[in-house]
Amino acid sequence: MAKAKKSHQHKGTGSTPATVALEHAGIPFHLYEYEHSADHMDNGYGLEAVEKLGKDARQIFKTLMADAGTQRVIGIVPVTGHLDLKALATAVGVKKLTMADPKIAQRESGYVLGGISPLGQRTEHVTVLDESAFAFEEILVSGGKRGFDIGISPLDLLGALDASRASIATW
C-alpha cells in the first residue's frame, strides 16, 4: 500500500542522503513509499512505482548515468521514455556518451540500482532534467532506495542539483 507524506524535516525510514540534502537546502518535498517487489522487474523499477503509487507515468522520472570517458553525466527522464545519449551529449557539450557501467553508477552515486536518486549522490555530476518535467507542478524521482520516491517541483529540483534542462528523452 502506497502512502504519501508531506515532509520537510522527516527522519527515520524516510531519511536518505537525498532527503537530507533537500532538508539542508530548505526545499519542500513529499515522500512516497511503497512495498518494493522483485516481481515487477521485467517492466523496470519506475513502472513499478507508477503501478503502486497510481501516478501518471509521465510524472515519474528515472535517474540514469552516462559516461563521457573522463566524467559521468546524469540524465533524468520519464520512466516511460529512454535517454537520448546524443541529445544529452549536446546538452552538456561533450562529443559522445555511453551508458555508465552499473557498478560505476552504484559506486559514484552511493545508491543501488533501482534506487539511484539524482539528489545526495556521493560524487557530484553534471545533471540534465528532461524538458517534459515542466508540464507538471510535481514530479517524482527516486528518494535513494527502492520503493521510496520524492515528489518535488521541477524548478526546485533544478535548483537543488544546479542542473540544466533540455529535451533528452525519446519515446
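Start with the fold. Among contacts between residues at least 6 apart in sequence, 59% join residues at least 24 apart, with contact meaning heavy atoms within 4.5 Å. This is a predicted model, where local features need pLDDT of at least 70, side-chain atom pairs count only at pLDDT 80 or more, and totals for chains, interfaces and linings use all residues. Residues are numbered from 1 along each chain as its sequence is written, and side-chain values use heavy atoms, with hydrogens and water left out.

The protein has five helices and 11 strands. Those are DSSP runs numbered from the N terminus: helices are H or I, at least four residues, and strands are E, at least two. Of the 171 residues, 48% count as buried. Buried means under 20% relative accessible area, exposed over 50%, and partly exposed in between, with a 1.4 Å probe and protein chains only.

Now α5, residues 154-161. Pro154, Leu157, Leu158 and Leu161 are buried. They sit on the same side of α5, because they cover an arc of only 100° around the axis. The arc is that of the directions from the helix axis to the C-beta atoms. On the other side of α5, Leu155 and Gly159 are exposed. What covers the buried residues? The cover includes β4 (72-78), β7 (126-130), β8 (139-145), β9 (148-152) and β10 (164-166).

Look at the ends of α5. At its start, a side-chain oxygen of Ser153 comes within 3.2 Å of the backbone nitrogen of Leu155. Just after α5, Asp162 has a positive phi of about 50°.

Next, α4. Ala105, Glu108 and Ser109 are its buried residues. Down the axis of α4 they fall within an arc of 90°, so they line one face of the helix. Exposed Lys103 and Arg107 are on the face turned away from that buried side. The cover over the buried residues of α4 includes β3 and β4. At the start of α4, a side-chain oxygen of Asp101 reaches to within 2.7 Å of the backbone nitrogen of Lys103. Just after α4, Gly110 takes a positive phi of about 85°.

Arg58 lies between α2 and β3. Its side chain makes a polar contact with the side chain of Asp56, at 2.6 Å. A polar contact is a pair of N or O atoms within 3.5 Å; within protein, one must be able to donate a hydrogen and the other to accept it, and residues adjacent in sequence count only if both atoms are side-chain atoms. Leaving aside neighbours within four places in sequence, Arg58 is in contact with Pro78 and Phe136.

Last, pockets. On a 1 Å grid over the protein atoms alone, a pocket is an open set of points where a 1.4 Å probe fits, with protein on both sides within 12 Å along at least five of seven lines; lining residues have an atom within 4 Å of a point. The largest pocket is lined by 30 residues, with Tyr45, Lys62, Thr63, Leu64 and Gly114 nearest its centre. α2 (45-53), β3 (61-67), α4 (102-109) and β8 each supply at least two residues of that lining. The second largest pocket has 17 lining residues, and Pro118, Glu124, His125, Ala160 and Leu161 are the closest to its centre. α1 (17-25), β7 and α5 each give two or more residues to that lining. The largest share, three residues, comes from α1.
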